[in-house]
Amino acid sequence: MLRYIWSSSPGWTILNAALILIRGVLPLFLLYLVKLLVDEIQTVATGPNGEDAFNRLLGLLIIAAVVFLANALSASLGTLVRERQSFLISDYFDNLIHNKTTNIEYGYFEHPKYQNVFFRALNEASFRPSRIFYGIVGLLQNLITLIVMGGILLMVHWSISIVLLVVTLPVTAIRLRYARSLFSFKRKNTNRERKVNYYNRLLTSREFAKELRTFELGSLFRQRYHEIKDDWRQSQFRMLRSKTLREVAVQVLAAIAVFSVYGLIAFRAFQGQLSIGDVVLYFMALQRGYAYLQEFLGRISGLYEDSLFLNNLFEFLHLPEAQPTLEENEKVPFPARMKQGIRLDNVGFHYPSNDRWILRNVSFQINAGETVALVGANGTGKTTLVKLICGLYKPNEGKIYVDKHPIDHLKWKSRVDNISVIYQDFMLYNVTAKENIWFGNVRQQLSEKNIKDAANQAGINEVIEEFENGYNTTLGTLFDDSEQLSPGQWQRLALARSFFNQSQVVLLDEPTSSLDAFSEAKLLNYIKGITENRTALIISHRLSTIKMADRIVVLDGENVVETGHYRELMNMKGHFYKMVQSFSELGIIR
Ligand SMILES: Nc1ncnc2c1ncn2[C@@H]1O[C@H](COP(=O)(O)OP(=O)(O)OP(=O)(O)O)[C@@H](O)[C@H]1O
């Protein structure tokens with residue numbers, strides 16, 4: 001991190017170091033000038049040669065004013081420089097985090113065990129690194145001041161510095177202990193803290209606002225929020241209270257020790273060993289020295305606390321990444337023109353969070369150029385299968401092939417270019433309509449014509465063109481001058497995204513679930529057109545969509561139970577037939 005700061009802005013770093021030095025020394029210089037001033041005032045007031053002494057006094061006053069101003073200016077400049085450098089630190093950590101979140105396996109995001117790690121790291125990451133930086137700068141500044149201040153106090157008596165150190169150490173020990181307990185308390189209670197955050201989100205964010213009102217869930221959620229929060233806050237408060245009580249006890253002892261030293265200085269002044277200027281200097285040095293020492297040790301405990309919390313960030317940054325089966329340069333590109341298609345060979349899969357098999361011994365082929373409909377009751381693993389083909393998860397057993405190549409032997413980028421997908425929970429990007437479609441493949445030119453073609457194929461062109469800013473309209477409800485689409489229109493936009501990507505394979509997970517019958521009929525024609533030259537896997541509960549497929553693969557209880565064309569399967573009067581019968585009675589398959 002320090003190397004990054006230095007290499008990004010050596011000039012600012014040097015300025016910062018110079019300011020640390022100046023800000024460390026100037027207050028002491030000012031203190032010394034005050035002593036000289038007091039002595040000089042005494043001389044002017046009592047001495048015979050008034051004019052000379054008065055000129056010296058004036059000179060000292062001017063120097064003190066300049067030092068005072070320099071001290072104030074260096075404080076303002078210091079804030080500016082530190083702020084500038086803290087931007088760099090926050091950029092540095094943002095880069096580390098974003099690099100990790102975009103590259104770790106997708107599975108981490110769906111695994112409850114890792115939600116705590118994510119929460120702890122990302123919650124603290126926004127401010128801890130900058131705070132550590134501020135802490136180190138302050139610590140260095142304090143250290144310089146303290147060394148010189150210690151020297152001044154040594155002039156009074158060697159024991160004063162030691163007394164100050166001894167009386168401030170117990171408070172520091174108490175704070176360090178508290179930092180450690182707070183850290184382990186927060187780690188142990190991450191789940192509770194996440195729950196509090198969750199209920200807060202339920203109460204405050206847009207996505208829940210509709211149901212919150214229609215089901216009148218507000219007071220229930222508020223009650224739960226407070227129950228968890230109060231309990232958690234009380235435990236935290238108890239820890240804080242015990243720390244404060246201990247601190248108060250040692251502060252009383254510290255005050256007694258400090259005032260004994262004041263007494264010692266006064267005693268030596270009475271004995272005529274110190275001038276009034278000396279007394280002022282020592283009194284101020286003692287008072288400031290004590291304050292600086294407290295600040296210094298406070299910063300040490302603050303830094304200790306911040307560094308403990310930084311462990312959370314490192315825990316996240318060190319989450320192990322998947323070992324690729326082959327290095328990227330050993331992988332082969334996706335076939336320029338697929339010949340055999342996609343083949344699943346005895347695929348078995350369970351999610352990392354548990355051992356329950358979702359798919360077992362699943363074998364079937366999607367021939368090149370063929371459209372296959374994957375059907376099955378809810379929860380039979382259809383979406384999971386899409387995630388496996390997209391490479392979000394790896395099968396625990398068996399393999400998936402593209403032609404003769406195991407799918408994980410294909411170069412990742414060529415895989416992304418050649419397999420486009422619409423997930424069941426596709427994203428609603430709050431960006432322009434144009435970009436929403438272009439996101440289907442950002443490696444392709446953002447050509448207005450191709451975007452419009454894709455929108456036309458998905459039947460969303462007219463809707464977009466009606467907006468005042470056409471394709472440049474920002475969609476959603478998050479930003480000014482946006483236009484919101486209906487769920488069906490969003491779905492068509494998502495389809496346009498996948499049409500924009502001129503991929504060989506399209507995977508559509510319930511692509512027509514939100515469409516009205518008219519749009520669906522129109523869209524099915526488009527899908528037919530689109531899938532004519534492509535290899536397609538469509539998941540759907542809609543009979544109209546299923547019927548369109550060249551072949552149907554029926555999933556049930558972990559594996560494939562039937563495959564064939566719609567007519568064949570209906571004539572077999574097997575699983576699919578029963579499913580169509582019962583589902584159409586229930587209205588699930590339409
Ligand atoms: N991230 C996950 N972690 C653990 N289990 C999961 C996860 N995602 C899904 N499952 C489980 O896997 C099973 C299959 O889910 P999947 O979403 O693949 O079903 P589906 O056939 O697509 O269902 P639907 O028709 O409702 O869309 C379900 O029992 C579900 O509980």
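This is a predicted model: local features need pLDDT of at least 70, side-chain atom pairs count only at pLDDT 80 or more; totals for chains, interfaces and linings use all residues.
**Entry 1: ground rules.** I count two strands as paired if DSSP finds at least two bridges between them, and I take helices (H or I, at least four residues) and strands (E, at least two) as DSSP runs numbered from the N terminus. Residue numbers start from 1 along each chain as its sequence is written.

**Entry 2: strand β10.** I began with strand β10, residues 535-539, where five of the five residues are buried (20 or more other C-beta atoms, placed from the backbone, within 10 Å of a residue's own; exposed is 12 or fewer, partly exposed in between). The strand is therefore largely enclosed by the rest of the structure. T535, L537 and I539 point one way from β10, while A536 and I538 point the other way, and all are buried.

I then looked up the partners of β10. Strand β9, residues 505-509, pairs with β10 in the parallel sense over five bridges, and D509 stands opposite I539 in β10. Strand β3, residues 371-375, also runs parallel to β10 and is joined to it by four bridges, with L374 standing opposite I539.

**Entry 3: the antiparallel sheet.** I traced an open sheet of four strands in the order β2-β1-β4-β5, with antiparallel pairing. Which strands stand at the edges of the sheet? They are β2 (357-367) and β5 (405-406), each with a single partner strand, so one side of each is left without a neighbour in the sheet. Strand β1 (residues 341-350) and strand β4 (residues 397-402) run antiparallel and are joined by five bridges; I noted that D345 stands opposite K399 in β4.

**Entry 4: the ligand.** I found 13 residues around the ligand (C-beta atom, placed from the backbone, within 6 Å of it), and E110, Y351, N378, T383 and T384 come nearest. Helix α11, residues 382-390, gives the most to this shell, with three residues. By class the shell holds two nonpolar, nine polar and two charged residues, where Ala, Val, Leu, Ile, Met, Phe, Trp, Tyr, Cys and Pro count as nonpolar, Asp, Glu, Lys and Arg as charged, and the others, Gly among them, as polar.

**Entry 5: domains.** The domain assignment, which is automatic or from a database, gives domain 1 as 2-317 and domain 2 as 329-586, and I find their C-alpha centres 55 Å apart. Six residues from domain 1 and five residues from domain 2 take part in the contact (C-beta atoms, placed from the backbone, within 7 Å). On the domain 1 side that touches domain 2, the residues divide into two nonpolar, two polar and two charged.

**Entry 6: helix α9.** In helix α9, residues 218-270, I list I228, A254, V261 and I265 as the buried residues. Just after α9, G272 takes a positive phi of about 80°.

**Entry 7: the whole chain.** I count 20 helices and 12 strands. The radius of gyration, taken over C-alpha atoms, is 36 Å, well over the 25 Å that the globule rule (2.2 Å times the number of residues to the power 0.38) gives for 590 residues, so the chain is more spread out than a compact globule. Its C-alpha atoms fill a box of roughly 125 × 55 × 50 Å along the principal axes, and 27% of the 590 residues count as buried. Among contacts in the chain with a separation of 6 or more, 77% involve residues 24 or more positions apart.

Conventions
Two residues are in contact if their C-beta atoms, placed from the backbone, lie within 7 Å.
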